[in-house]
Amino acid sequence: MNSTVLAAILALALVVPAEAKAPAARPVMVGGEPELDACPSVGAIIPLRKGGDGFVAVRAAPSVKARMLDKLKSGRELLLCEDSADGQWVGVVYPEPWGGPIVTDCRVSSPVAGKRQAYDGPCRSGWVARRFVTVVAG
């Protein structure tokens with residue numbers, strides 16, 4: 001292999017970024033405050049702009065690189081449980097869209113005794129970009 005070809009290959013290797021690995025899943029934590037509901041606020045997905053994807057992704061961790069768990073439409077009600085360290089993401093709990101429990105049946109609308117713990121159902125949970133959520137109550 002001549003030196004020009006080798007130099008081009010090395011230059012390309014330095015320019016093309018390595019594929020970023022998806023962050024590990026991070027469970028939504030609930031409870032920990034004996035006077036507050038396990039998820040103290042109710043929110044909803046804001047109206048989404050026309051021409052966009054038509055949904056907001058629910059992620060397994062607070063990162064756009066995390067695995068997508070679900071897609072939520074405008075107006076979807078959520079329980080807001082915790083914020084990411086940078087404030088850009090919110091850990092949410094929400095019911096199944098068809099025939100599952102309603103939002104008040106997600107077992108986070110009252111205090112959870114003891115220390116904070118990972119949410120374990122019966123509803124779904126994950127992380128949503130904060131900019132797509134409006135607080136409705138709490």
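This is a short talk about the two disulfides of this protein and the fold around them.

Okay, before we start, some ground rules. What you see is a predicted model, where local features need pLDDT of at least 70, side-chain atom pairs count only at pLDDT 80 or more, and totals for chains, interfaces and linings use all residues. Residues are numbered from 1 along each chain as its sequence is written, and side-chain values use heavy atoms, with hydrogens and water left out.

Let's get the overall layout first. The protein has one helix and nine strands. Those are DSSP runs numbered from the N terminus: H or I over at least four residues for helices, E over at least two for strands. Reading from the N terminus, the order is α-β-β-β-β-β-β-β-β-β.

Of the 138 residues, 33% count as buried; buried means under 20% relative accessible area, exposed is over 50%, and partly exposed sits in between, using a 1.4 Å probe and protein chains only. Now contacts, meaning heavy atoms within 4.5 Å. Taking those with a separation of 6 or more, 70% come from residues 24 or more positions apart.

Right, on to the cysteines. A disulfide is a covalent bond between the sulfur atoms of two cysteines; here the working cut-off is a pair of cysteine sulfur atoms within 2.5 Å. So how are the bonded cysteines paired along the chain? Counting them along the chain, the pattern is 1-2, 3-4.

Pair one: Cys39 and Cys81, with sulfur atoms 1.9 Å apart. What does this link tie together? Cys39 is in the loop between strand E1 (29-30) and strand E2 (41-45), and Cys81 is in strand E5 (residues 77-83), so the bond joins parts that are 42 residues apart in sequence. The link is right-handed, with 90° about the S-S bond. Both Cys39 and Cys81 are buried.

Pair two: Cys106 and Cys123, their sulfur atoms 1.9 Å apart. Cys106 lies in the loop between strand E6 (89-94) and strand E7 (117-118), while Cys123 lies in the loop between E7 and strand E8 (124-129), so this pair connects parts 17 residues apart in sequence. Right-handed or left-handed, this one? The torsion about the S-S bond of Cys106 and Cys123 is about -85°, so left-handed.

And are these two cysteines buried or exposed? Cys106 counts as buried because its relative accessibility is 0%. Cys123 is buried too, with a relative accessible area of 8%.
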